[in-house]
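Got the viewer open and a hand on the selection tool? Here is a short walk through the model, one stop at a time.

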Amino acid sequence: MNILSVVLLGALNWPKWILIALAVVFGLFVISTITAAIRRWKNRVANNLLGGLKLSDIKKAIQDGQSEAENPTPRTLFGATSIYLPKILNDFPDFHLPEAKNSLNLLLNEYLQIRFGQADKFVDSNAEPDLAAMVPRAAAPAELSDIAFHDCAIRSYIKTSEYATITYIATIGYTAGDKRYEDRYLVDSTLKLSEMGIPKKLLICSQCGGAIDSTALKYCPYCGSGIVWDTKLSWRFTTVAPA
Ligand SMILES: [Zn+2]
């Protein structure tokens with residue numbers, strides 16, 4: 001007779017209430033374990049759906065958007081830079097926000113020249129070829145002066161296996177003819193990570209010439225030298241819309 005049988009036979013002689021109590025405790029244990037597992041699974045699914053963002057991040061971004069809509073002066077910006085910048089830097093270690101701001105400044109300057117009939121295409125900005133055609137033209141051409149790019153913030157960031165898109169919100173003031181404007185724009189900057197499902201070779205190592213298809217690497221996987229990542233050459237402006 002093994003030990004288990006002894007215990008089981010012994011247990012048969014225990015008072016009924018002890019057996020019932022043990023059954024209840026065991027039942028509660030099973031239920032709480034299952035509930036905890038379901039909760040963990042739900043949290044994981046929610047995190048994946050939100051791209052790793054916490055619900056509080058989303059709420060803050062929504063509140064910022066509302067304050068912005070209610071704010072009469074477009075010079076004030078409510079972005080979500082602190083939420084998204086760490087995620088962008090995690091995916092693109094060489095992303096440089098001041099450099100991105102300079103590119104945005106240049107883009108909006110060129111945008112206004114096109115809008116007010118002073119130019120017909122983007123020359124120095126790294127814009128999608130069809131972006132100029134999408135710029136709404138002012139009723140009458142006007143000379144531009146005192147263009148002042150105030151500030152920009154990151155409004156959102158999405159990365160899939162196909163592309164990464166950063167949406168900026170930017171404010172710019174200018175005089176067109178004799179009228180002063182203060183405008184706010186939403187601008188998308190996109191980096192294609194694959195073309196027709198084939199991962200693009202995004203970087204060429206300056207030391208060994210190796211082609212690298214990940215942007216998250218700091219060192220060349222072939223020769224180990226540091227990688228220089230040129231943000232301006234690789235990201236393209238795809239949309240400019242009044243906000
Ligand atoms: Zn190399």
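Start by selecting G177, which sits in the loop between β2 and β3. Keep in mind that this is a predicted model. Those two strands form a hairpin with two residues between them, and G177, in the turn, has a positive phi of about 65°. Is G177 buried, exposed or in between? It has 13 other C-beta atoms within 10 Å, so it comes out as partly exposed.

Now show what surrounds G177. Once neighbours within four places in sequence are set aside, its contacts are A142 and E143.

**Zoom out to the whole chain**

Colour by secondary structure. The protein chain has six helices and eight strands. Reading from the N terminus, the order is α-α-α-α-α-β-β-β-β-β-β-β-α-β. Buried residues account for 19% of the 243 residues. Of the contacts between residues at least 6 apart in sequence, 54% link residues at least 24 apart.

Next, colour by pLDDT. The chain's mean is 82, with 77% of residues at 70 or more. Among the elements, α5 has the highest mean, 96, while helix α6 (residues 231–234) has the lowest, 50. Where pLDDT is low, the predicted coordinates should not be read in detail.

Select β1 (144–159), β2 (163–176), β3 (179–192) and β8 (236–242). These four strands make an open sheet, ordered β1-β2-β3-β8, with antiparallel pairing. β1 and β8 are the edge strands; each has a single partner, so one side of each has no neighbour in the sheet. Ignoring direction, neighbouring strands are turned by 25° against each other on average.

Walk across the sheet pair by pair:

- β1 and β2 run antiparallel and are joined by twelve bridges. They form a hairpin with three residues between them. For a landmark, pick I158, which stands opposite T165 in β2.
- β2 and β3 are also antiparallel, with 14 bridges. Stay on T165 and step over to T190, its bridge partner in β3.
- β3 and β8 pair in the antiparallel sense over six bridges. Here, pick D188, whose bridge partner in β8 is T239.

While you are at the sheet, click on D146 in strand β1. Most residues other than glycine have a negative phi. D146 has 9 C-beta neighbours inside 10 Å and therefore counts as exposed.

Bring α5 (97–115) into view. This helix lies across β1, β2, β3 and β8, running at about 125° to β1.

Try the distance tool on α5. At 1.5 Å a residue, its 19 residues should span 27 Å, and the end C-alpha atoms are 26 Å apart, which agrees. Then show its buried residues: S103, L104, L107, L108, E110, Y111, L112, I114 and R115. An α-helix has 3.6 residues a turn, so residues three or four places apart point the same way. After the helix comes G117, with a positive phi near 70°.

**Into the core**

Which members of the largest nonpolar core touch the most other members? Select L108, Y168, A170 and V187, out of the 28 residues in that core. α5, β1, β2, β3 and β8 each supply at least two of the core residues. β2 gives the largest share, seven residues. That strand is mostly covered, with ten of its 14 residues buried.

Finish on A170. Apart from neighbours within four places in sequence, it is in contact with L104, L108, C152, Y185 and V187. Show those five together with A170 and centre the view there. From this stop you can trace back to α5, whose buried residues include L104 and L108.

How values were computed
Residues numbered from 1 in each chain as written. Predicted model: local features only at pLDDT ≥ 70, side-chain atom pairs only at ≥ 80, totals over all residues. Core = buried A, V, L, I, M, F, W, Y, C linked by C-beta atoms within 7 Å. Buried ≥ 20, exposed ≤ 12 C-beta atoms within 10 Å, placed from the backbone. Contact = placed C-beta atoms within 7 Å. Expected span 1.5 Å × (residues − 1). Pairing = 2+ DSSP bridges. Axes fitted to C-alpha atoms, helices over the stretch in contact; angles between N-to-C directions. pLDDT = per-residue confidence, 0-100.
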